[in-house]
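This report goes through one protein chain, from its overall build to a few single residues. Please keep the sequence and the structure in view while reading.

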Amino acid sequence: MRPEESFQNQSVRSLQTMLQVISMADPRLPMVIPDGIFGPTTRRAVSEFQRFMGLPVTGIADQATWDAIVPVYTAALLHIGPSESIDVVLTEILRPGMASPWLYPAQAILLFLAPGLGQSPGPAVTGLLDEATEKALLALQKVANLPRTGCLDAATWRSLSHLYTLQALRQSGEN
């Protein structure tokens, strides 16, 4: 991707979006408006990013520049504001042996949290409240000081969601 190729392109827009997020987290870098055109403003932003990162300053988004932008962009996402939460209201109680689409995200989160709950390797993501899922829910309920039922109810879902957010933030801060 060379600056003299001033054309509308999705990869240019992606580059500009990442540079925009990075500049929102670090105002020392120039702001770019994602328009898909690799013009003078984008070239300047790429050059400043390269200078900031100690890369050769060419104004060209070569592979080394992309490889440097991606982790900085990912980290910058955490600093520009919290993500919107998804409010899920679980209106039913899911008991052992039941199948439900609600169990897919719950099991994925339990799998992520499994090491901290002493449940390695954690439950499989099957949509069925099987024995492994029940054990993981019991461990979560114990940690969250909830009644130990092994069921997925609204209070357990809120605790599951809360612990996931805390653990995800903790892990992102370690990287």
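How many salt bridges does the structure hold? The structure holds three salt bridges, a salt bridge being a side-chain nitrogen of Lys or Arg within 4 Å of a carboxyl oxygen of Asp or Glu.

## Basis of the report

The model is predicted, so local features need pLDDT of at least 70, side-chain atom pairs count only at pLDDT 80 or more, and totals for chains, interfaces and linings use all residues. Residues are numbered from 1 along each chain as its sequence is written, and side-chain values use heavy atoms, with hydrogens and water left out.

## Overall build

The chain has six helices and zero strands. Here helices (H or I, at least four residues) and strands (E, at least two) are DSSP runs, numbered from the N terminus. In sequence order the pattern is α-α-α-α-α-α.

Of the 175 residues, 33% count as buried. Buried means under 20% relative accessible area, exposed means over 50%, and partly exposed lies in between (1.4 Å probe, protein chains only). The accessible surface of the chain is about 10200 Å², and carbon and sulfur atoms hold 57% of this surface. Such areas come from the Shrake-Rupley method with a 1.4 Å probe; for residues, only the protein chains shown count as cover.

A contact means heavy atoms within 4.5 Å. Among contacts in the chain with a separation of 6 or more, 46% are between residues 24 or more positions apart.

## The salt bridges

Side chains of opposite charge can pair when their charged atoms come close. D26 counts as buried because its relative accessibility is 14%, whereas R28, at 61%, counts as exposed.

R51 and E48 form another salt bridge, at 3.1 Å from N to O. These two residues are three apart in helix α2, so about one helical turn separates them. R51 is partly exposed, with a relative accessible area of 48%, and E48 is also partly exposed, at 25%.

E131 and K135 make a salt bridge too, with their closest N and O atoms 3.3 Å apart. Both lie in helix α5 (residues 131–143), four residues apart, or about one turn of the helix. E131 counts as exposed at 53% relative accessibility, while K135 is partly exposed at 46%.

## A nonpolar patch

M24, M31 and I33 make a nonpolar surface patch of about 300 Å². Patches are made of residues with over 30% relative accessible area and no salt bridge; like charges are joined within 9 Å, and nonpolar side chains (Val, Leu, Ile, Met, Phe, Trp, Tyr) within 5 Å. I33 sits in the loop between α1 (10–25) and α2 (40–53). With a relative accessibility of 58%, I33 counts as exposed.

## The second largest pocket

The second largest pocket has a volume of about 170 Å³. Eleven residues line this pocket, and those closest to its centre are L113, G116, L163, Q167 and R170. Helices α4 (103–117) and α6 each supply at least two residues of the lining.

A pocket is found on a 1 Å grid over the protein atoms alone: it is an open set of points where a 1.4 Å probe fits, with protein on both sides within 12 Å along at least five of seven lines, and lining residues have an atom within 4 Å of a point. Grid points are joined across faces, edges and corners, and the volume is the space filled by probe spheres set on the points.

N145 lies in the loop between α5 and α6. N145 has a positive phi of about 60°, although it is not a glycine. At 73% relative accessibility, N145 counts as exposed.

Is T156 buried or exposed? T156 is buried, because its relative accessible area is 1%. This residue belongs to helix α6. Apart from neighbours within four places in sequence, T156 is in contact with L137, L140, Q141, L146 and C151.

A155 is also placed in helix α6 (residues 154–174). A155 is partly exposed, with a relative accessible area of 25%. Between A155 and Q141 there are 9.2 Å in space, C-alpha to C-alpha, and the two are 14 residues apart in sequence.
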